[in-house]
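Subject: Structure handover

Hi,

Here is the structure for you to look over. My notes follow below it.

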Amino acid sequence: MYPFPTVPAPLRPEAVSVVRANLIPRTGRRQRCRTFMACLCSPLHNISPRVRRHGGAGHTHAFSERQRLPRPPHRVLTHGFSADRRARAATLAAQATLTTENHMERIFDEASWRKYVSGYTFYDCAILSEHEFGFILVEERDSWDDDDDRAPMTRFVAIDIDEPIERRFRGAQTGAFSGTTIAASEQPRAYVAVDSASKVHSIEPERSGDERAIDRVLDMSIGNGMLGTVRKAVRAAGKIYALGIHRKIYRRIGVDQWIEFGAQGNGVPMPADLTSQPDFIYTLGFNDMSAFSKNDMYAVGGEGDAWRFDGEQWHQCSIPTAAKLTTVCCAGNGLVYITEQKGSVWEGRADRWQKVTGKQLPAGFYPVDSVWFNNRLYLGTQCGIFTLDKKRGKVVDLKEAEEDAPDPANSGRLDLSEDGRFLLTVGPYGACIHDGTTWCRLFSALDFS
């Protein structure tokens with residue numbers, strides 16, 4: 001780990017260890033930035049495979065208690081919000097009211113907010129317990145200048161609110177990660193962040209820092225000189241997995257240790273005519289995974305590509321759709337819920353499925369997380385939380401079902417604690433938690449505006 005820099009963030013290195021194939025050949029800096037933003041705004045989008053390049057990747061820098069990052073001159077556009085949508089989110093946040101009972105002791109003070117959050121927006125979250133959270137933040141940008149070849153910085157921040165404020169936060173930042181998601185596990189106890197190019201950063205009780213990239217630990221080749229990409233980090237049956245294109249699933253064993261399902265002889269089968277399908281990277285691959293147990297897991301992605309693992313081998317689920325599948329949730333009612341990109345929801349298990357809602361979500365609102373909590377299906381998007389109203393046969397804004405539901409500025413991405421007792425959500429400007437009884441706002445940018 002390195003001292004936290006007080007100079008502007010470094011330029012992205014021209015030679016990196018891995019470069020996504022859809023960035024080659026480059027058509028100019030502006031096109032490269034647009035491609036990066038497409039990745040950033042939609043972690044479950046279709047990420048193309050990569051080709052190897054020689055050279056070293058950038059470093060991740062630790063925060064120093066004696067140094068603060070200067071506030072960047074740029075202002076918000078990390079989540080791909082338009083100016084109108086950002087204004088609407090800010091208005092909703094300003095109008096949101098929480099009772100005194102819902103306010104927890106302030107987690108950040110002015111100094112810690114400036115140090116860890118100012119100039120950044122929240123992108124993903126993970127929860128270990130009622131008082132322990134991990135977050136991915138990405139540097140805010142208003143515009144992309146041809147003369148600025150620097151990629152947005154990514155920050156990793158872990159918070160333990162039981163600790164005094166001087167020891168409450170652990171954090172690091174890097175310019176080498178993009179499209180990063182985070183998951184948390186109890187055994188081993190850790191937050192693990194993985195980016196689209198398989199780079200890994202973890203925060204554990206006794207250590208934190210970058211690990212070896214997954215493609216440096218095992219072979220991520222998918223043929224024709226291409227490397228696979230990672231779409232999402234998840235926890236399933238107590239373990240952390242990285243999900244990728246080409247139906248690849250990688251399980252974390254420990255620091256610098258990953259295994260791939262296929263290497264154990266129980267990988268997800270591939271089509272016999274794979275080489276004749278040039279668009280396989282879009283039709284095959286996983287965006288999400290969920291589990292009832294280690295012997296009953298479901299993974300979905302691609303175009304109607306859904307699979308079930310029975311502890312020994314994978315079986316394809318016969319869901320009658322060719323739509324892009326974005327999330328899967330093994331629910332407490334014994335059923336499995338699978339969402340399509342435009343909001344349709346399928347309910348069932350194994351080979352029995354029925355569509356319970358049609359396409360109802362506009363572009364930009366499609367589900368990226370789904371969680372079963374309090375006998376309800378929650379669908380997390382980059383623009384707030386939705387839920388399934390089975391009586392009306394539609395997906396609705398969570399506020400239609402829960403009056404105290406958080407606003408889109410402080411909600412969207414979801415994670416459930418491993419014991420199932422607490423639901424964490426984060427939006428671009430703040431985070432909230434549900435304890436099974438009520439929502440509580442943890443923090444918001446409005447507290448420091």
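Which side chains meet in a salt bridge at 2.9 Å, N to O? They are those of K232 and D369. A salt bridge here is a side-chain nitrogen of Lys or Arg within 4 Å of a carboxyl oxygen of Asp or Glu.

Some housekeeping before the rest. This is a predicted model, in which local features need pLDDT of at least 70, side-chain atom pairs count only at pLDDT 80 or more, and totals for chains, interfaces and linings use all residues. Residues are numbered from 1 along each chain as its sequence is written, and side-chain values use heavy atoms, with hydrogens and water left out.

**Salt bridges**

The structure holds 20 salt bridges. Strands (E, at least two residues) are DSSP runs, numbered from the N terminus. K232 is buried, with a relative accessible area of 4%. D369 is buried too, at 5%. The cut-offs: buried means under 20% relative accessible area, exposed over 50%, and partly exposed in between (1.4 Å probe, protein chains only).

D296 and R349 also form a salt bridge, at 2.5 Å from N to O. D296 counts as buried, at 14% relative accessibility. R349 counts as partly exposed, at 32%.

Then there is D389 with R392, whose side chains meet at 3.4 Å, N to O. R392 is partly exposed, at 47% relative accessibility.

One network deserves a look on screen. Salt bridges with shared partners join D124, K232, D288, D369 and R413.

**Strand 7**

Is strand 7 (residues 169–174) largely enclosed or open? Of its 6 residues, 5 are buried, so strand 7 is largely enclosed by the rest of the structure.

Strand 7 pairs with strand 6 (residues 154–160) in the antiparallel sense, over 6 bridges. Two strands count as paired if DSSP finds at least two bridges between them. I159 has F169 of strand 7 as its bridge partner.

Strand 3 (residues 60–62) also runs antiparallel to strand 7, joined by 3 bridges. There, H61 stands opposite Q173 of strand 7.

Best wishes

Conventions. Helices (H or I, at least four residues) and strands (E, at least two) are DSSP runs, numbered from the N terminus.
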